[in-house]
Amino acid sequence: MLSNIRVVLVGTSHPGNIGSTARAMKTMGLSNLYLAEPRAEPDGQSIALAAGASDILKNLTRVDSLEEAIADCSLVIATSARSRTLDWPMLDPREAGLKLTQESLNGPVAIVFGRENHGLSNEELQKCTYHVAIPANPEYSSLNLAQAVQIICYETRVAHLAQTETPAVTDEYPLTSELERFFVHLESTLSKTGFVIKNHPGQVMTKLRRLYTRARIEAPEMNILRGILTSIDKKMDKQD
């Protein structure tokens, strides 16, 4: 189960953070590390700070974008501070650990950590199913990257240990890549009907992304929605 849970670091710029992340993961039984568009590569400092977890560094996966790192995942949770401008479904670390372990029974899932200096962009955050905020001291909430990884990995392990005693039954959700194709199809159809104006899209698609993400549609439900969009497309094409 834990092998299906990947830790994704986006735009990491300090080699030491990569090593410390590997150590935090291994102490909790996780081993699947992805570097998305890294600005630094593992080096001697990384190996030293990994403190015996160099096997994770040796077997990590490098990709060019977050989208590539999560394409085959059915659940993606992004670490983020609560935002007033991007009202996305939020979890606390314990809820995140539960969801990661439950859905890893069906296939790959991901927990995503952003850049050391400014985290994840709004566009990247919108590609994730949920956001998780660590409830640190509001007067001093300065967690470094490895500390944040350790907290989420710990909650994931606690949930994993509980789940081995009481196995959960999970639903089937679409992969991130499939969900992205649905959003492209939705925008295309809404553009045909005139509901979305191509040169002035406004916030319609962002709000629809949030709606469907919050609803957490299952794979069969998404297939129905794709069928509805296709039927509208055919009707619009006949009118043309």
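What follows is a short chat about a predicted model of one protein.

Me: How many helices and strands does the protein have?
Reply: Ten helices and seven strands.

Me: And what does the C-alpha trace span along its principal axes?
Reply: About 65 × 40 × 35 Å.

Me: How does the radius of gyration sit against a compact globule?
Reply: It agrees. A compact globule with 240 residues would have a value near 18 Å, and the protein has 19 Å.

Me: What share of the residues counts as buried?
Reply: 45% of the 240 residues.

Me: OK, salt bridges. How many are there?
Reply: The count comes to eleven.

Me: Which residue does Arg94 pair with?
Reply: Glu155. The closest N and O atoms of that salt bridge are 3.0 Å apart.

Me: Which parts of the chain does that pair tie together?
Reply: Arg94 lies in helix 5, residues 93-103. Glu155 lies in helix 7, residues 145-165. So the pair ties together parts that are 61 residues apart in sequence.

Me: Is Glu155 buried or exposed?
Reply: Glu155 is buried, with a relative accessible area of 11%. The cut-off for buried is under 20%.

Me: Next one. What does Glu180 bridge to?
Reply: Lys127, for one. The closest N and O atoms there are 3.9 Å apart.

Me: Are Glu180 and Lys127 buried or exposed?
Reply: Glu180 is buried, and Lys127 is too.

Me: What about Arg209, which residue does it bridge to?
Reply: Glu180 again. For Arg209 and Glu180, the closest N and O atoms are 2.7 Å apart.

Me: Where does Arg209 sit?
Reply: In helix 9, residues 204-215. Its partner Glu180 is in helix 8, 29 residues away, so to speak, and the pair links distant parts of the chain. Arg209 and Glu180 are both buried.

Me: Which residues are linked in a salt-bridge network?
Reply: Glu37, Arg115 and Glu124.

Me: Switching to Gly114. Where is it?
Reply: In the loop between strand 6 (109-113) and helix 6. Gly114 counts as buried, at 11% relative accessibility.

Me: How far is Gly114 from Leu9, in sequence and in space?
Reply: They are 105 residues apart in sequence. In space, C-alpha to C-alpha, the separation is 6.2 Å.

Me: Now the surface. Which residues gather in the patch of negative charge?
Reply: Asp64, Glu67, Glu68 and Glu123.

Me: Where is Glu123 placed?
Reply: In helix 6, residues 122-125.

Me: Why does Glu123 count as exposed?
Reply: Because its relative accessibility is 60%, and exposed means over 50%.

Me: Which residues form the nonpolar patch?
Reply: Ile224, Ile228 and Ile232. Together they have about 250 Å² of accessible area.

Me: Take Ile228. Which helix is it in?
Reply: Ile228 lies in helix 10, residues 219-239. Ile228 is partly exposed, with a relative accessible area of 41%.

Methods:
Residues are numbered from 1 along each chain as its sequence is written. This is a predicted model: local features need pLDDT of at least 70, side-chain atom pairs count only at pLDDT 80 or more; totals for chains, interfaces and linings use all residues. Side-chain values use heavy atoms; hydrogens and water are left out. Patches are made of residues with over 30% relative accessible area and no salt bridge: like charges are joined within 9 Å, nonpolar side chains (Val, Leu, Ile, Met, Phe, Trp, Tyr) within 5 Å. Accessible areas come from the Shrake-Rupley method with a 1.4 Å probe; for residues, only the protein chains shown count as cover. A salt bridge is a side-chain nitrogen of Lys or Arg within 4 Å of a carboxyl oxygen of Asp or Glu. Lys and Arg count as positive and Asp and Glu as negative; His and the chain ends are not counted. The place of a charge is taken as NZ of Lys, CZ of Arg, CG of Asp or CD of Glu. Helices (H or I, at least four residues) and strands (E, at least two) are DSSP runs, numbered from the N terminus. Buried means under 20% relative accessible area, exposed over 50%, partly exposed in between (1.4 Å probe, protein chains only). The radius of gyration is taken over C-alpha atoms; the globule rule is 2.2 Å times the number of residues to the power 0.38.
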